[in-house]
Structures are given as structure tokens and as C-alpha cells.
Amino acid sequence: MTGDTQRREDARPQPAPVADRAASTVPHQAPTTMGRLVATVERLRREVLEAQAAADGRALVELAKGILIGQFHCTPAAAARQLDVLCRESGTSPLELAADIVNQASRDHVSEIAAAFVERTGTAGDPAGRHSTVSVRLRTAESGMLAADADTQAVAESLLTNALGPLGAVAVAVWTAVPDGSLALAGHAGFPPREAARWRHVPPGVSTVARLALRERRLVTLPRLKREGLPSIGHLEWPDGGRMAVPTGTGGRIHGVLEICWPQPLAPQPPQIERQVEALAELCARTMDASPPRDVTTTEGVLPDVAELIDLAEGLQDPAVVLTPVLDAEGRLGDFRIRHAGSRFVDPVGRPRGDVNGALLLEAYPMAAGESGLFDIIERVHATGEPFRAERMSLTALVDQIPLTTVADISVSRHGSAVLLIWRIEDERARLANLLQHAQRLGRIGGFEENFATGETTWNAQLYALHGLPATAPPVRLRELPGHAHPDDSAALDRFLRAVLRHRRPASVDFRLQRSDGITRHIRVVAEPVLDADQRLHAVRGAYQDISAQHWTEVALAATRDQLAHTEAESAERNRLALQLQHAIMPPTPPAIEAPGLRVAVRYRPAETESLVGGDWYDTVVLPSGLIMLSVGDVAGHGIEAATGMVVLRNALRGLAVTGAGPAQLLSWLNTVTHHLAKHVTATAVCGLFDPSTRVMRWARAGHLPPVLVRGGEAEAFPLIEGLLLGALPDVTYVEREVRLEPDDTLLMFTDGLVERRDSSVQDSLGHLVTAAAAGAGDLDGRLDRLLVESRSDTDDDTCVIGIQVG
């Protein structure tokens, strides 16, 4: 490089060579002969690299001069003078001006990247010339790569020196994708020679950074190589450095991978840098493949590799199709041409091969364009060269706009510039025979046919296995079956044989087969007669089935049914006693309770399933003090234990209430009873004491939902005060609140069976009850009935509701 651009590139921080970095850590000492030799070699290496960079820069300037000669029809000397004049007038270096001239003349991918960089970064007219630096880097690298021709090693060195070194990269590797799935190191720069020798060949299946880019067919950025856990060339030199890898390819084919190494962790790169790296990979691909594939239907003659592949397809026993890529104006893969369909070609929808030859793949089979469909598979094989094989793959084709699906075995492989597609359409008869064979094996079924005209009896292999006979043994004829059966089954076999052989009608029989190895199997035989044209018995065909497992299952089921019937009878009696106990204490239709200045009504709805005997209770009683105790509760669980626990707690609370204690104290005592006297019982409850003279109600809760007050057409739930459920801890103190009720107020106390739903929270269910209570009108009984009817509960639990209306 020369001029301002060269100075700016040199001003960029460059990583020291490995030898220099190592030498910088060694204490100062007198130079030795070996040290002087190493320093001389390093100096000569730097001079060679600088000479190569200068030569690449001169090649770019000479290319620009050639463009000026073509535009102005002048001599080379005049073009050089014109270039100098333009440099002085624009204030740019010869390299920057040369890059701009090449960009304007070529209008290619590199020029698009330079223009996009200007547009996105806003550097147009920037005196620093950063956008020109991008063009110079890419164009100088391009010149060096073109000068290197097919020397991939020189290409790698030019890439690192001219384009990637200014981006902070310290090493670059160019990998070639070998058709067998391996990777070969075709060129490298910046890596120690011994490291490059270790990585000259990567076997198939080894996961590396290059393999990741090849598999995903896109640019891959790894901020820290060590964190990803992927080995690659130079991973010991820069274990915490960043990596970029991008496939290199032309015409839809991937020839290899360009891998770039940074010594430090790599920050997220802007799209402009990624596009520059992709452009370098595209330039690299041009040097790796000098003759990209063409659409042979639009050229003169046939490419040699395609002709050889056509000859190979004709020699195969399976239907084969030769496909060649079709590229658009920019060299990107658009479709595949069906260059040749072999003589054994079978179209999935029955078309002759003449209708398919020469057509585009997506025109002949548009359904192949589906996600992960046949076109994607062929495109991947064409790009990577890795073959693809699959059994029983579905192929869908359109017939009069109706999709028809066929099952086939698929093989796709790349050969030179073409792709060989082999599909073997599954034979329906063979498939059905295979299915029948597996069905007979799984169902332990064996088939037979007995021909009375020839005296021949035919068995399949499964039938020999059922009888425990070798395949060389003579089959057992139908008339000989009684001699192989349990004596008690002789009468049933005689009826079966008369029905089939004498009356000539289909029949079946179950019997116990006594095999020669001493094993007894339960067998079912199904047979039907085959009559000839004169209605005479010609043959009998049928099947044997081993039903031993079914027989013993039925025996076990019969015993289980007897046991279940006995258990169900015991359970029914147990639940009947529990229901009698529950209904004796709380009848389903309790009478209304009248009290001075207070109207109390109760609704109790047992669970819909009688087996779910619950532990819900309610109680309303006028105490000797004149106060009225109102309570509801719910013992956890169902069955006789819950019902007996409910009886204990309800009666205990009623007995404790005569002491004159408040609701909080009553619940504290009831908690002690629950914890110590009613083992393994927990419950929730709400207890209230109403004074008719003052209309004040004191209440407390133990893990239960609070009451709901309806006043003046509006409803509101009492606050959710503290209160642990009963029986959880031995000593619990409960909080007590009081509320003054007004005339015509209605207070609702209930159990969770009224509101609880499996798909809603308790707060949502309580909110629905408040809304329903506010909307209700009429007398107290009507309100309670409507609440039960409109309840959205779906837990099949008992429900208790107490309604208190102040007079």
C-alpha cells in the first residue's frame, strides 16, 4: 500500500507476531547466533509481507488505470497522469481513488457494500475517508486474490494482510469441503506452521467452528471460542479469542469455509462488518472454483461430469433423475433443471418421463418446495456435497390441483456440478404383505389352507410356531385336531368340524392345544369353506390364534370382578351409615329458625355423588344469654372419618358456646379440641354471636371464607382477618371483629362448596358470589334458593348456606 491509505492502515494497532510476543517476555540478554538468525528471518518475513501488500496495492491502481484507458481511449501514460490529476483535485490517495473508480465501473457486490456503508454510517464527505478505507481493503484484497490465481495459501495471506488485519484479526484459515464430509486446510495465515500441520485434515463428523458454519450454511460468530467448547485451529494460541466462520461458495455450491480468528473476545459486530466478511468469502470462493456450474440446457453441449452422471443413471436398477442447478442473473441458485430421467423412471403420479425431462424441478413438483421438503434436501446436498438417504419418505405431487402422497426411499448425492436423485416408490403389494406378516406375528395368528382336491395342507411360519413344530414337520389336518386337543374339548371340536366340512358354513371354536413339548395353549380356530363351480367343497382356509393371554386375563378379571363386587357392597354400606349420621345431624331440608328481631334460613345441599360424604356443618342456636350463635365449618376430606370429625367439632362448639365466651375464644378452644382430641383432623370454621338488642354481631374465622353482607342492594364480603385453620397447631390465638347490622340487612355465611371452582382462584369465585348476592331480590328463602341455582362451583362438594335477615 502507498499514500494516505497506507499510513492510516499502518497506524491501526496490529498484534505482535507470536515470536515477538514471546521474545518480549524474555529478560534482556546478549544476542546469540541463533537469536540473530531468528531476527533476520522475522525481518525478511515482514519485508516479504510488505512487498506483497505493496504489490496488491499497485495491482489495484493498475486496474483503475485500465478502466480509465477504456473510458477515455487514451494511452497508459495519459491514464496515469489523469489519475494523478484526480488525486490532487479530490484530495484522496491513489489507492482510495482507484477503489472508487473500480466500484463505479464494476457495480458488483463489493461496490454495493461500500455504498451501504456510506448510507448507514453517514460517512459521505467525511474528510477521514472511512468509507474509502472499506473499499480500499476489499479491492486490495480482491487484487491480491486475483493475482494469487488458484494458490489458496497466497489468497489466505492476502486476505489477512489487506482486509482482515485492519479489522483486528490475527489469523485466517481457508477450509475446503471434501465430498466425503471431511475438511481440508487449503490455506492459512497467522497460525504457527506446526499448528497448521496438525489441522491439515479434519475427519467427517468432528464438530469444529468451520463445521458449524458449513452445517448452518450462514455466517457464524462466536464471541469466545473457549466458552463454546468447539475445537479449531489455533484454539491453544487464542483460547479466549473470538471467531467468525462463513461458507464460501458460488452458484449455490459451498466449496469451503473462511474462518477468521481474533486474539481477544469479539464484541457483537455491526451488519456492515458482517457484509464485508461475506464479500471476502465470495471473493475467496471465486478463486476456489474457477468454473462454476451452469444450466446445461442453455449452453452448447453437455458438461463432461453431467454426461458421465447420465451414463451412470442409465446403468442403475432404480429410477434415477439427474438435476443441474439453474442460477439467476446474480449467480444465486433459483431452481434445478431435470436434465435427465432414467429409463426406469417412475413418476409418483404416473406421468411419462418425456413430460418431466427438461422441466424445472419446482414446475414439475411444486409441492417439493415445502418446509424441510425435497427441494430443501437437494439444495443442501448440492451446497455441501454431503449425501442424503432416507427410508419411507413422503413425496407429494399435484394432480388436477389435488395433492397425492407417495411413499418412497430417497437417495440424493452430488457429482461434480450435478445432483443425482434416486427414488424407489414403495410397492403397495409388498408393503401390504409385510404389514400382514407383522400383524400375524404381533397378534400370534397363523394362517392355513387345506386343499381337498390335491390333499395338500399349507401353513405359514407363524402357525408352526403356535403348534411348537419345526418347519419340516407335516402340518396337522383339520380332522386330526381332536388328537391334539384336551379330551374335554372333543365335543366342541366335533361340532366345529361338522359345521365346516359337512354343512359347509364358516365356524370357529376355542380349545386347549396340547403340544408335543408338554405346553398347553388356548387356541381359537376360525375357518371357512371354499366351494368350486359345482358347489362342492374344494378347500378350507382359516387361521389359528393363540388366545392364552386373553383366557387367563378373563379368568383374572372374573376373580377381580367378584372382589370388586364385595368391596363395593362394603363401601356402599359404609357410605350409607355415614350419610345417615350426617343427615341425622343436618337434614338436607332443615326447618327455618325464628328468633326475635332476626329471621334465619338454612340451605344444605349434599354432594351430588353419595360416596362423597363430606364434613360440612352449620349451626344456629339461641344461647342462655339471649345471644344467637351462628356458625359454619368444613372438615377436610370425605367419608366416614370426615363425617365423624364434623360431629365432634359441631357438638364441641355448641357445648363451649354456653360458657358465654366470645367467638375468638370459642375458636381457640375448638382448635385445642381438634388438635388433641380429634386426631388427624383439620377444619375451617366461621363463628358469630349476634345480640338482637343492639344488632351487633361479633365474629371470628379459622381459615374459612368470610361472611357476605347485603345492604341496600349492594353486597360486600367481610375483611379477611387473620385466623389459622383448626387442628394445625396446638395453641392459636384468633382475631375478633364486630359489625352493627341495620334493619333489612342480610348476612350470608357459607362453605366453600358454594363458590369453589377448579379453574378459578378463590378471590375470583368469591367476587362472583358477591355480585350474585347483590343482584338478588325477594324474601330470604328465595335469595338462598337462587344462590344455590346460580352457583358455579364444580368441585362436587357439600354446600351449607346460612342467611340472616335483620327485622
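## Cavity and open sheet in a predicted model

In this predicted model, the largest cavity is lined by Leu754, Val755, Arg757, Ser765, His768, Leu769, Ala772, Leu787, Glu790, Ser791, Arg792 and Ser793. Its volume is about 100 Å³, and a search of the whole structure finds 1 cavity of 30 Å³ or more. Helix H22 (residues 762-775) supplies the largest share of the lining, with 4 residues. Sorted by class, the lining comprises 5 nonpolar, 4 polar and 3 charged residues.

The second topic is a sheet. Strands pair through backbone hydrogen bonds, in either the parallel or the antiparallel sense. Here, 5 strands form an open sheet with antiparallel pairing, in the order E19-E20-E21-E22-E25. Strand E19 (615-622) and strand E25 (737-740) are the edge strands, each pairing on one side only. From one strand to the next, the twist averages 15 degrees.

Within the sheet, strand E21 (residues 683-691) pairs with strand E22 (residues 696-702) over 6 bridges in the antiparallel sense. In this pairing, Val686 stands opposite Arg701 in E22.

Note on methods. Residues numbered from 1 in each chain as written. Predicted model: local features only at pLDDT ≥ 70, side-chain atom pairs only at ≥ 80, totals over all residues. Heavy atoms only, no water. 1 Å grid on protein atoms, 1.4 Å probe; cavity = no way out; pocket = protein on both sides within 12 Å on 5 of 7 lines; lining within 4 Å. Points joined across faces, edges and corners; volume = space filled by probe spheres on them. Helix = DSSP H or I, 4+ residues; strand = E, 2+ residues; numbered from the N terminus. Nonpolar A, V, L, I, M, F, W, Y, C, P; charged D, E, K, R; others polar. Pairing = 2+ DSSP bridges. Axes fitted to C-alpha atoms, helices over the stretch in contact; angles between N-to-C directions.
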